[in-house]
Amino acid sequence: MNRQIAESDFKPDMMVAIGTGGFIPARMLRNFLRIPIITVGIAYYDLNDTPAEKPIITQWLDKPESQIKGRRILLVDEVDDTRATIGFCLDELFKHQPEEVAVAVLHNKNKPKAHVMPAKVKHVFHGLELADDWICYPWDADNIEEQDRLRNQA
Ligand code: G4P
Ligand code: MG
């Protein structure tokens, strides 16, 4: 994915990593992109753990007007699943007049999406296109050796 980004004409000046799945991928991309990472949090549960109808911002940029306006932002997450979270985040970012926003995810699941990718998003990078199966990421593991063993058996 870093090669796809490097070979594209999109030159981001910052990453926005969607927590928590986007944290580790953004940090790995930083080895190649060497640009700052800002983290945001979006949840579907309120403070009482009750499911919410709409996503709730649990963490956002400090001064979005000045941090987003005129910037070229790479929005990073681990997976484009229903796209509800990524779509919500894109809508929020576009409220503050970025120069451009691109999306980078490790995996895109081939399935119907809750949100159409806005036409303003000219670059979408993903490492792999996968079927709609559950992905066990290394950072999900309670026991990483066990997860490695299962993966090697598969
Ligand atoms: P999307 O915009 O990224 O498609 O998000 P969506 O709302 O559909 O995803 C709901 C949550 O499910 C997200 O986590 C997403 O990372 C997680 N998810 C979806 N598919 C998989 C999968 O195959 N494996 C794993 N491990 N997670 C998956 P979240 O609510 O943002 O929480 P967090 O885990 O990122 O903290
Ligand atoms: Mg996530």
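Predicted model: local features only at pLDDT ≥ 70, side-chain atom pairs only at ≥ 80, totals over all residues.

Reply: Residues are numbered from 1 along each chain as its sequence is written, and side-chain values use heavy atoms, with hydrogens and water left out.

Me: Which residues touch the most other members of the largest nonpolar core?

Reply: In soluble globular proteins, nonpolar side chains tend to be buried together. A nonpolar core is a set of buried Ala, Val, Leu, Ile, Met, Phe, Trp, Tyr and Cys residues joined through side-chain atoms within 4.5 Å. Buried means under 20% relative accessible area (1.4 Å probe, protein chains only). Here the largest core has 22 residues, and L75 and L90 touch the most other members. Helix α4 gives the largest share, 6 residues. A second, separate core has 13 residues, including I5, A17, L29 and F125.

Me: Which residues of α2 are buried?

Reply: An α-helix has 3.6 residues a turn, so residues three or four places apart point the same way. Helices are DSSP runs (H or I, at least four residues), numbered from the N terminus. In α2 (residues 23–33), P25, A26 and L29 are buried. They fall within an arc of 95° seen down the axis, so they line one face of the helix. The arc is taken from the directions from the helix axis to the C-beta atoms.

Me: What comes just after α2?

Reply: R34, with a positive phi of about 50°.

Conventions
Chains lettered and ligands numbered in written order. Buried < 20%, exposed > 50% of the residue type's maximum accessible area, 1.4 Å probe, protein only. Helix = DSSP H or I, 4+ residues; strand = E, 2+ residues; numbered from the N terminus.
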